[in-house]
Protein chains: 2
Amino acid sequence: MNKIGTYEFIAEPFHCDFSGRMFLGYLGNQMLNAADFHSTDRGFGMKYLMTIQRSWVLSRLVIEMEEMPMQYEHFTIETWVESAMRFFTSRNFCVSDGKGKIYGYGRSIWAMIDTETRQPTDIYSIDNGAIKEWIVVDKPCPVEKGGRVKMDHNAELVKTLDICYNDIDINGHVNSIKYIEHVLDLWDIAWYREHRLKRFEIAYVAEAHQGDQLSFYLEQITENEFYIRLMKTAPESNDAVEICRCKVVFADMNE
Amino acid sequence: MNKIGTYEFIAEPFHCDFSGRMFLGYLGNQMLNAADFHSTDRGFGMKYLMTIQRSWVLSRLVIEMEEMPMQYEHFTIETWVESAMRFFTSRNFCVSDGKGKIYGYGRSIWAMIDTETRQPTDIYSIDNGAIKEWIVVDKPCPVEKGGRVKMDHNAELVKTLDICYNDIDINGHVNSIKYIEHVLDLWDIAWYREHRLKRFEIAYVAEAHQGDQLSFYLEQITENEFYIRLMKTAPESNDAVEICRCKVVFADMNE
């Protein structure tokens with residue numbers, strides 16, 4: 001079996017935004033699906049891990065796009081393991097039209113947890129470290145890794161939101177991509193008419209659940225670059241806990 | 001070309017809810033995509049209609065499911081035109097595993113509008129009424145048509161919500177399925193643990209746009225049956241306008 005998994009998708013019109021470009025959230029979920037198909041076919045997918053009380057947890061995700069597929073366009077997601085350490089593995093993505101045109105790339109970092117204790121567990125313990133056999137070292141992923149997003153305490157509270165049924169995925173907590181969608185909803189269509197999303201970076205800190213309230217704190221760094229911190233407040237609690245931190249980079253539409 | 005269009009999909013794990021069942025919203029969007037693929041292949045799709053200042057507008061949708069596909073399951077959406085009159089056409093859907101097991105059905109009613117005037121136009125005027133050649137009369141769709149949802153004035157205001165970027169589709173207004181997702185978010189996971197969604201009925205009255213605020217009015221009819229009216233308030237306006245009306249029927253989980 002090839003070390004690189006290749007999955008084909010269509011930018012169906014009803015997964016596209018007002019301009020006919022596919023929603024980043026839809027692409028993000030298809031990246032997660034590709035990651036799961038790839039790992040399932042190779043013996044370390046979520047469904048198998050559930051049977052041994054383990055699960056993958058997404059720790060970081062970077063998506064950087066030169067262009068977003070337009071409605072009706074076919075696109076391909078390639079995904080592969082770039083490295084695997086005892087407690088973290090990095091998995092990359094390449095989004096293309098399958099014929100040489102590259103739309104963009106993704107980088108992700110995953111931990112494996114014990115689903116009972118929610119503590120990190122040893123990735124090498126699965127099938128005697130079999131994941132190491134799937135590492136690809138010669139496939140380029142020419143976008144920067146995610147870095148630490150340093151936010152000061154002047155970030156402005158711009159939105160609050162209650163977590164609902166549709167936010168929660170099979171892991172029982174908020175779907176990793178839903179945070180991205182909620183963050184992208186901080187800008188309006190007038191903004192998206194003038195700007196395209198170039199890079200989205202997210203680092204996950206804790207999990208949010210149904211009933212939690214999310215608070216969005218925004219800091220504008222340059223004209224087209226923003227940092228966002230999401231905090232959750234559990235029902236009947238006054239303590240806010242950091243959930244994730246994002247860096248969003250736009251480009252002017254004609255750049 | 002077959003009068004019935006058949007499209008294959010997968011219930012990818014990241015389009016499934018906490019219980020591993022596919023989200024109804026995802027199914028709804030794939031029904032709309034199937035409808036568009038079917039009509040595009042037969043000469044009356046949205047993309048062609050845009051070139052002649054026309055568009056399909058969804059007027060009613062009913063989805064009734066005996067069972068929802070589980071994560072990783074392949075499913076098939078068949079869609080066909082049941083009837084076509086001058087100002088309305090009805091299109092049905094059958095959701096199955098492609099091997100004889102039926103998950104459920106859908107019924108939809110569509111109008112065609114002039115995209116400049118937003119007024120209804122004559123469906124028969126497209127290619128000399130060519131749509132009539134695609135009518136299928138002998139394929140059953142054994143679920144009831146949508147009816148008028150009569151609500152009294154005691155319905156309770158249960159939620160308000162601002163329309164954002166991710167709500168808006170290629171038509172420039174709120175995606176028809178987004179209303180369904182927002183309505184289904186009125187119930188929490190504790191409810192969905194005990195109840196499965198059996199039937200969702202929605203009648204569209206007007207279009208909502210980014211910046212509008214939606215208000216949700218709920219009326220409980222029986223233990224498992226609810227009526228919901230959505231109103232929109234445009235920015236800097238005090239007038240609320242009805243957007244759509246829904247009927248939601250749940251079944252106890254073990255029924």
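Predicted model: local features only at pLDDT ≥ 70, side-chain atom pairs only at ≥ 80, totals over all residues.
In chain B, helix H1 passes helix H3 in a right-handed crossing.

H1(B) covers residues 24–41 and H3(B) covers residues 176–184. Their axes come within 9 Å and cross at roughly 165 degrees. Angles over 145 degrees count as roughly antiparallel, so that is the description for H1(B) and H3(B).

Which residues make the contact? From H1(B) they are Leu24(B), Gly25(B), Tyr26(B), Gly28(B), Asn29(B) and Leu32(B). From H3(B) they are Ser176(B), Ile177(B), Ile180(B), Glu181(B) and Leu184(B). Sorted by class, that contact has six nonpolar, four polar and one charged residues.

Next, the core. The largest nonpolar core has 138 residues. The members touching the most others are Leu27(A), Tyr179(A), Leu27(B), Tyr179(B) and Trp187(B). Take Leu27(B): apart from neighbours within four places in sequence, Leu27(B) is in contact with Met22(B), Ile63(B), Met65(B), Met68(B), Phe75(B), Ile77(B) and Val95(B).

Last, a residue in chain A. Arg107(A) is in strand E5, residues 102–114. Is Arg107(A) buried or exposed? Its relative accessibility is 12%, and the limit for buried is under 20%, so Arg107(A) counts as buried. Leaving out residues up to four places away in sequence, Arg107(A) touches several charged residues, among them Arg60(A), Glu82(A), Arg91(A), Glu144(A) and Lys145(A). The list of contacts also includes Leu61(A), Val62(A), Phe93(A), Cys141(A) and Val143(A). As for Glu194(A), it lies 87 residues from Arg107(A) along the chain, and their C-alpha atoms are separated by 26 Å.

Conventions: Residues numbered from 1 in each chain as written. Chains lettered and ligands numbered in written order. Heavy atoms only, no water. Core = buried A, V, L, I, M, F, W, Y, C linked by side-chain atoms within 4.5 Å. Buried < 20%, exposed > 50% of the residue type's maximum accessible area, 1.4 Å probe, protein only. Contact = heavy atoms within 4.5 Å. Axes fitted to C-alpha atoms, helices over the stretch in contact; angles between N-to-C directions. Helix = DSSP H or I, 4+ residues; strand = E, 2+ residues; numbered from the N terminus. Parallel < 35°, antiparallel > 145°, perpendicular 65-115°, else oblique. Left-handed = near helix turned anticlockwise from the far one by under 90°.
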